Amino acid sequence: MPVVFVQVGQAGNQIGGELWKIIKKEFSRHHNLYFNRGKARCIAVDSEPKVVRHLLEEHGDIMRESNVMFEQAGRGNNWAYGFFDIAGRTHKTDSISSPSASHIGDTEPIWRDGDTSLLGRVMGAFHKEVEACDMYHGCVVIHSLAGGTGSGLGSRIVSAIRDEYPHGYVLSIVVSPFEGGEVTLFHYNALLALSTLQTDSDGIILMHNEGRYNQSQISSRILLLFTHHLHYLLVCKLQASSSPKSPRTAGPAIPCRSLNSTTMWPTV
């Protein structure tokens with residue numbers, strides 16, 4: 001049964017990039033769960049272009065260019081800016097391919113007032129992916145709880161999908177911020193996002209950065225390697241949740257005791 005993936009923000013797209021590396025190795029492009037006519041059932045969105053451009057360069061063979069969308073301005077690490085798509089209404093938007101490729105046009109009246117907003121474009125692309133499924137089963141939304149795009153836009157997309165497709169399952173894969181950080185709004189962003197997800201998601205896999213960091217023995221001098229390991233752990237959890245019966249290749253021995261999570265995702 002097909003599942004549509006939505007990657008939101010920097011963390012969501014970086015983790016999603018690691019996920020598709022594994023999927024390409026373990027599954028054929030004819031696998032109906034992840035692919036539609038050789039292309040990934042995936043929508044990548046961010047309020048800044050850097051991460052999604054890199055994602056398209058790395059996975060251009062499976063990503064649909066019209067499903068990779070971004071803007072030129074961020075969300076200021078503010079949940080409200082992301083949830084209400086404030087920057088999307090005041091700044092010029094762009095896409096990887098052509099500006100008209102990601103506009104939703106006359107798809108659903110509920111998005112008529114926000115044709116060119118980031119939220120409206122995401123829902124337009126999501127609607128097309130659902131129509132391409134022989135039987136829509138549900139979706140997986142990957143995002144963080146810290147930044148304005150991940151927490152605000154991510155939770156808003158979950159709410160919009162729930163309203164538009166109430167009978168499909170929605171699984172949220174979220175990463176919580178560290179207890180201490182440079183931006184004081186992180187904790188407020190996480191609280192507001194979780195409040196929305198608790199209402200609109202069927203299941204939540206919550207990953208704790210603080211716990212994983214404390215349990216690791218990796219020094220700050222190899223922080224990039226440490227981040228790669230964190231992404232790998234999250235990807236393994238995500239694939240096990242979306243396709244629990246698929247064979248898994250044993251990975252490196254990395255402590256997983258901090259992967260405190262709860263999911264209601266049904267067996268596919």
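Where is N77 found? N77 sits in the loop between β5 (68–71) and α3 (79–83). Helices here are DSSP runs of H or I with at least four residues, strands are runs of E with at least two, and both are numbered from the N terminus.

Quick background. This is a predicted model, where local features need pLDDT of at least 70, side-chain atom pairs count only at pLDDT 80 or more, and totals for chains, interfaces and linings use all residues. Residues are numbered from 1 along each chain as its sequence is written, and side-chain values use heavy atoms, with hydrogens and water left out.

Most residues other than glycine have a negative phi. N77 has a positive phi, near 55°.

Next, R37. R37 lies in the loop between β2 (35–36) and β3 (39–40). Phi of R37 is positive too, near 55°. At 83% relative accessibility, R37 counts as exposed.

Now the helices. Helix α6 (residues 148–164) packs with helix α7 (residues 186–200) at about 10°, axes 9 Å apart. That makes the two roughly parallel, a term for angles under 35 degrees. Who makes the contact, meaning heavy atoms within 4.5 Å? From α6, S151, S155, V158, S159 and R162; from α7, N189, A193, T196, L197 and D200.

Conventions: Axes fitted to C-alpha atoms, helices over the stretch in contact; angles between N-to-C directions. Parallel < 35°, antiparallel > 145°, perpendicular 65-115°, else oblique. Contact = heavy atoms within 4.5 Å. Buried < 20%, exposed > 50% of the residue type's maximum accessible area, 1.4 Å probe, protein only.
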